[in-house]
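Student: I'm new to this one. Could you show me the structure and let me ask a few things?

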Amino acid sequence: MKENYQRKMEEIIEKEKQNNRIPTLLLHACCGPCSSSVLEKLSEYFEITIYYYNPNISPYEEYQKRVEEIKRFISELKGVNPIHFLEGKYENEKFEEIIKGLEEEPEGGKRCSKCYYMRLEETAKVAKEENFDYFTTTLSVSPYKNAEKLNKIGASLQDKYNVWYLFSDFKKKDGYKRSIELSKVYN
């Protein structure tokens, strides 16, 4: 039976609401549009720092466009709790080395798994170093990304780095649809 990651996230949020404090979340994000509905939903429960670590994006000019766009979006979004921004290193050569030989893999294949792991591991490391309560990624909002793979990677990194992973499947409850709507609202 498949794990219901949306329900797991809701259980974590309910547990945190009992603590009478706002937990911190390092949220890996690939772009503004994918972040939109996730931020709208989670800013009510967490103080969020968007972590932009995407060495898979090339050329560098496209990477920079996405950085500027997500910064613009964050500045315009009225979250319930504060939303901050942190940019990781641009390590495209490291990414290219990790996926060497997998360039022709289809979407969702071995190349994607390696890419997910690389980005989530860096997010977990930073979450640990900076004392965040949780880390997660916006990637599961996409119908093209495998939430089960993402959550299994997150769980393994939670254990490896001793920082909580916020289980999620952000496409559930019309999350992807809402991200499309918000992308239109915020241009």
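Student: Does Gly-88 count as buried or exposed?
Tutor: Keep in mind that this is a predicted model. Gly-88 sits in the loop between β3 (83–87) and α4 (92–98). The cut-off for buried is under 20% relative accessible area. Gly-88 has 12% relative accessibility, so Gly-88 counts as buried.

Student: Which residues does Gly-88 touch, leaving out those up to four places away in sequence?
Tutor: Let's set those sequence neighbours aside, as you say. What's left is a set of tyrosines: Tyr-51, Tyr-52, Tyr-53 and Tyr-63.

Student: How are helix α2 and helix α7 oriented where their axes cross?
Tutor: Take α2 as residues 32–42 and α7 as residues 175–185; their axes come within 8 Å. The crossing is right-handed. The axes cross at roughly 110°. That makes α2 and α7 roughly perpendicular.

Student: How do the residues in the contact of α2 with α7 divide into nonpolar, polar and charged?
Tutor: From α2 we have Pro-33, Ser-36, Ser-37 and Glu-40, and they meet Gly-175, Arg-178, Ser-179, Leu-182 and Ser-183 in α7. Sorted by type, that contact holds 2 nonpolar, 5 polar and 2 charged residues.

Student: Within what arc do the buried residues of α7 fall, seen down its axis?
Tutor: The buried ones in α7 are Gly-175, Ser-179 and Leu-182. They pack against α2. In an α-helix, residues three or four places apart point the same way, because there are 3.6 residues a turn. Here the buried residues of α7 line one face of the helix, because they fall within an arc of 65°.

How values were computed: Residues are numbered from 1 along each chain as its sequence is written. This is a predicted model: local features need pLDDT of at least 70, side-chain atom pairs count only at pLDDT 80 or more; totals for chains, interfaces and linings use all residues. Side-chain values use heavy atoms; hydrogens and water are left out. Axes are lines fitted to C-alpha atoms, for helices over the stretch in contact, and angles run from 0 to 180 degrees between N-to-C directions. Helices (H or I, at least four residues) and strands (E, at least two) are DSSP runs, numbered from the N terminus. Angles under 35 degrees count as roughly parallel, over 145 as roughly antiparallel, 65 to 115 as roughly perpendicular and the rest as oblique. A crossing is left-handed if the near helix is turned anticlockwise from the far one by less than a right angle, and right-handed if clockwise. Contact means heavy atoms within 4.5 Å. Ala, Val, Leu, Ile, Met, Phe, Trp, Tyr, Cys and Pro count as nonpolar, Asp, Glu, Lys and Arg as charged, and the others, Gly among them, as polar. Buried means under 20% relative accessible area, exposed over 50%, partly exposed in between (1.4 Å probe, protein chains only). The arc is that of the directions from the helix axis to the C-beta atoms.
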